[in-house]
Amino acid sequence: MDMKNIHSDKVIKVPYRSECRCVKRSDLVETLARHLPGGSIRFGCQVEEISLDPITRYPIVSTSNGSTIRAKVLIGCDGANSVVAKFLGLKPVRFLPLWAARGLTTFPEGHNFRDKFLNLVGKGMTFRLVPIDDKTCKLWLILMHVNCRISGCANSRDPSLIRQVALQAMQGYPEEILDVVRSCEIESVSLAQICYRAPWNMLLQPFREGTVTVAGDAMHAMGPFIGQGGSASLEDALVLARCLSEKAIGVGDDRKLARSVQEVLRSYVNQRRWRILRLCVQAFLNGQLIVASSKLKKVVLRAVVKVLFKGSTTSQWHDQYDCGSL
């Protein structure tokens with residue numbers, strides 16, 4: 001990864017794991033959806049409330065379109081503001097004084113950024129460009145100094161306004177980079193305040209009740225500072241699938257089935273807890289380094305990172321993690 005301050009010509013080469021990949025969320029979702037039986041996905045409804053059947057203790061899901069789903073197993077992958085996580089009693093996410101604007105830019109004739117991650121640091125903001133392929137790039141703009149107009153963009157969710165405010169905030173950036181932002185696909189533009197689940201809650205959070213559990217951001221929302229949120233979610237899926245495959249779950253008595261599923265989910269949570277705790281701690285410390293105004297606090301945070309992760313803040317120990325195979 002190349003890191004450069006926009007007010008200097010000096011470029012710092014940052015060691016950043018042996019292989020980096022960035023994918024479109026829509027491509028990933030469509031790939032996963034293609035392998036599901038027809039009718040598995042319901043559109044136009046959101047989970048609004050969850051309760052347990054008083055007799056079987058199986059989850060009952062109420063949705064925004066008025067329908068009710070009686071499930072035997074419920075895995076909440078409904079994001080940082082998860083209804084399932086709330087049902088399980090997880091603490092609400094916390095927010096950093098940072099906002100992240102995101103978008104995609106397609107270059108019909110190809111781009112010149114090759115396969116390098118680019119990190120441009122300006123006053124109170126960081127711009128990141130990550131090539132997905134030879135014609136598409138993913139953009140991030142992390143803003144520290146929040147004003148009413150920026151927060152108003154998030155409330156309005158107007159992508160044109162978000163792009164306009166981002167360009168105004170990026171005054172002084174190279175014209176080549178500004179052109180990338182101007183050309184981004186308007187439907188891909190979004191703005192959100194960065195949130196996280198407090199690492200200290202990971203030790204005691206009840207990630208499971210009966211046959212209900214969570215995965216992805218619903219389980220371990222974290223800032224984008226170490227680039228592992230999506231990867232950890234895929235790990236969740238693999239570990240959960242492996243736990244299910246290792247346990248012979250039949251279709252007999254409901255109570256026996258429930259006990260089998262509960263054992264599976266208990267094993268899944270136990271396997272994931274320490275992994276996501278480490279990720280959340282590192283992401284949290286990196287986020288605090290960005291927002292810290294005190295030089296002393298920054299020194300202390302860097303020391304803590306070095307002690308805990310045996311390296312600098314760019315230590316990439318996590319990319320060598322192997323969650324096993326199915």
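Colleague: In strand 5, which residue is the bridge partner of Ser 62?

Modeller: This is a predicted model, and the pairing in question joins strand 4, which covers residues 59-63, to strand 5 in the antiparallel sense over 3 bridges. Within strand 5, the bridge partner of Ser 62 is Thr 68.

Colleague: In the open sheet with mixed pairing, what is the order of the strands?

Modeller: Strand 6 (74-76) and strand 12 stand at the edges of that sheet, each with a single partner strand, so each has one side left without a neighbour in the sheet. Strand 12 pairs with strand 13, residues 212-214, in the antiparallel sense over 2 bridges, and Arg 208 stands opposite Thr 213 in strand 13. The sheet has 3 strands, and their order is 6-13-12.

Colleague: At about what angle does helix 8 run to strand 13?

Modeller: Helix 8 is the element made of residues 254-291. Helix 8 lies across both strand 12 and strand 13, and its angle to strand 13 is about 20 degrees.

Colleague: How many charged residues has the contact of helix 7 with helix 8?

Modeller: On the side of helix 7 the residues that meet helix 8 include Glu 235, Asp 236 and Arg 242, while those of helix 8 include Arg 272 and Arg 275. By class, this contact has 9 nonpolar and 2 polar residues, and the number of charged residues is 5.

Colleague: Is the crossing of helix 8 and helix 9 left-handed or right-handed?

Modeller: Helix 8 packs with helix 9, residues 295-309, at an angle of about 160 degrees, and their axes are 9 Å apart. The two helices are therefore roughly antiparallel to each other, and their crossing is left-handed.

Colleague: How many nonpolar residues are there in the contact of helix 8 with helix 9?

Modeller: Helix 8 contributes residues including Val 281, Leu 285, Leu 289 and Ile 290, and helix 9 contributes others, among them Leu 301, Val 304, Val 305 and Phe 309. The residues of this contact divide into 2 polar, 4 charged and, for the nonpolar class, 9.

Colleague: How many residues apart in sequence are the parts that the pair of Trp 200 and Phe 284 ties together?

Modeller: The structure holds 4 aromatic pairs, and one of them, formed by Trp 200 and Phe 284, is edge-to-face, with 5.5 Å centre to centre and 90 degrees between the planes. Trp 200 lies in the loop between strand 11 (190-196) and strand 12 (208-209), whereas Phe 284 lies in helix 8, so the separation in sequence of the parts tied together is 84 residues.

Key: Residues numbered from 1 in each chain as written. Predicted model: local features only at pLDDT ≥ 70, side-chain atom pairs only at ≥ 80, totals over all residues. Heavy atoms only, no water. Pairing = 2+ DSSP bridges. Helix = DSSP H or I, 4+ residues; strand = E, 2+ residues; numbered from the N terminus. Axes fitted to C-alpha atoms, helices over the stretch in contact; angles between N-to-C directions. Parallel < 35°, antiparallel > 145°, perpendicular 65-115°, else oblique. Left-handed = near helix turned anticlockwise from the far one by under 90°. Contact = heavy atoms within 4.5 Å. Nonpolar A, V, L, I, M, F, W, Y, C, P; charged D, E, K, R; others polar. Phe/Tyr/Trp six-rings, centres within 6.5 Å; stacked < 30°, edge-to-face > 60°.
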